[in-house]
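I opened the model today to look up a few local features and write them down. These are my entries, in the order I took them.

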Amino acid sequence: MKTTVTIIGAGLGGLTLARVLHLHGIPARIYEAEASPQARTQGGQLDIHQHNGQVALATAGLTDQWRAIIHEGAETARILDRDGKVLFEEPGDGEGGRPEVLRGELRQVLIDSLPEDTIVWGRRLAAADGRELRFADGSTVTADVLVGADGAWSKVRPVLSAAVPEYVGTTFVETYLHDVDVRHPATATAVGRGAMYALTPGQGITAHREAGDVIHTYVQVNRPASWSQGITADRVAAEFAGWAPELTALIRDSDTPLVTRLIHTLPTGHRWDRVPGVTLIGDAAHLMPPAGEGANLAMLDGAELGSALAAHPGDVEAALGVYEAAMFRRTEAEYADAARILDLCLGERAPYGLIEFFAGAFAAQA
């Protein structure tokens, strides 16, 4: 295959695709809106799953590299009630199938695995007309093969599909505490070494201990989209009046400005008809509520698309057809799982539905 694959977006999916293509000698060029790899923080920890994320990274030849950045002990999970009482706990012994890494560190592993000129930083796509690309700076590019790896609000998606993301009725508010063992010992104890879930119907606090003595938190509420306007820590904390102070400290004492994330989804089973030379991966293809699979699915998409292009030299349409057929089948089930996880966390049976789910999952893993 002598044509160049043009990838929009230097997230984990787009980078994995570029890496697999590089291994097979297929040229790729990534256009990324951010000015540099350090332009913004890259989110928190990811659990890398055996059946998708780990497969993708093995296909990319990066197993040793990503295993070198694992945060030991982060697989520990506990569920609390609103008073801080532990209802369920499963210690992480490092032998599980979902080791944790920081998203930013994993992204850097992928960036470092590519030739230096692969990524064009600071090039935001304004619109795509088929494979004709117009960037915000006025420049244009015609792609031989175009892959939208540009997330929820993809500019490539309209080439293939009229679908647009819809708000699911849940908003996350992101906070961070730093130097937690010294400055927030009660909260550090409540969260523990790994993931902590304090949940009731319609609202919850999910936190994760990260490397570097950091706790990264998503406060979750089922509210109208307008609820997030003019958000403050006091207003968010007021939603949790009467909760244990070591839990509400995750809101009130944030060392970073609060970031609101309105949760959106594409229609269940989102798919499109084949358009010559264009496809999507990751959230651009199958945005769904967070259930721990998004990054893993994006990397698997990238790895499988790269492998398909390598397996069909000179026949891009065959390669894209093979990739899309497998991706559509896989993600249809993932939509149902994502909706189920959101209901377990914030639905009428919270937190007991999640406790039953975790107990079954850990027993099966054992």
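Entry 1: The model is a predicted one. I then checked phenylalanine 358, which has 12% relative accessibility and so counts as buried, the limit being under 20%.

I looked for aromatic pairs across the whole structure and got seven. One of them joins phenylalanine 357 and phenylalanine 358, with 6.1 Å centre to centre and 40° between the planes, a tilted pair. I noted that Phe357 and Phe358 belong to one aromatic cluster with Phe88 and Tyr197.

**Entry 2: strand E4.** Which strands does E4 pair with, and in which direction does each run? I found four bridges from E4 (residues 77–80) to E5 (residues 86–90), and these two strands run antiparallel. I found four bridges to E13 (residues 195–200) too, but there the strands run parallel.

On the E5 side, leucine 80 is opposite valine 86. On the E13 side, isoleucine 79 has tyrosine 197 as its bridge partner. Tyr197 is also a member of the aromatic cluster in my first entry.

E4 and E5 make a hairpin, with five residues between the strands. In the turn I noted glycine 84, which has a positive phi of about 90°.

I checked the faces of E4 for cover. Ala77 and Ile79 lie on one side, Arg78 and Leu80 on the other, and all are buried.

**Entry 3: helix H1.** Does the length of H1 agree or disagree with its residue count? With twelve residues (12–23) at 1.5 Å a residue, H1 should span 16 Å, and I read 17 Å between its end C-alpha atoms, so the two agree.

H1 is mostly covered, with ten of its twelve residues buried. Among them I listed Leu12, Leu15, Leu17, Val20 and Leu21, along with Arg19. Glycine 25 follows the helix and has a positive phi, near 75°.

**Entry 4: charges over rings.** Last, I looked at two arginines. The charged end of arginine 123 sits over the ring of phenylalanine 135, 5.5 Å from the ring's centre. Arginine 235 lies over the face of tryptophan 227, and I noted 5.7 Å from the ring centre.

Note on methods. Residues numbered from 1 in each chain as written. Predicted model: local features only at pLDDT ≥ 70, side-chain atom pairs only at ≥ 80, totals over all residues. Heavy atoms only, no water. Expected span 1.5 Å × (residues − 1). Buried < 20%, exposed > 50% of the residue type's maximum accessible area, 1.4 Å probe, protein only. Pairing = 2+ DSSP bridges. Phe/Tyr/Trp six-rings, centres within 6.5 Å; stacked < 30°, edge-to-face > 60°. Lys NZ or Arg CZ within 6 Å of the ring centre and 35° of its normal.
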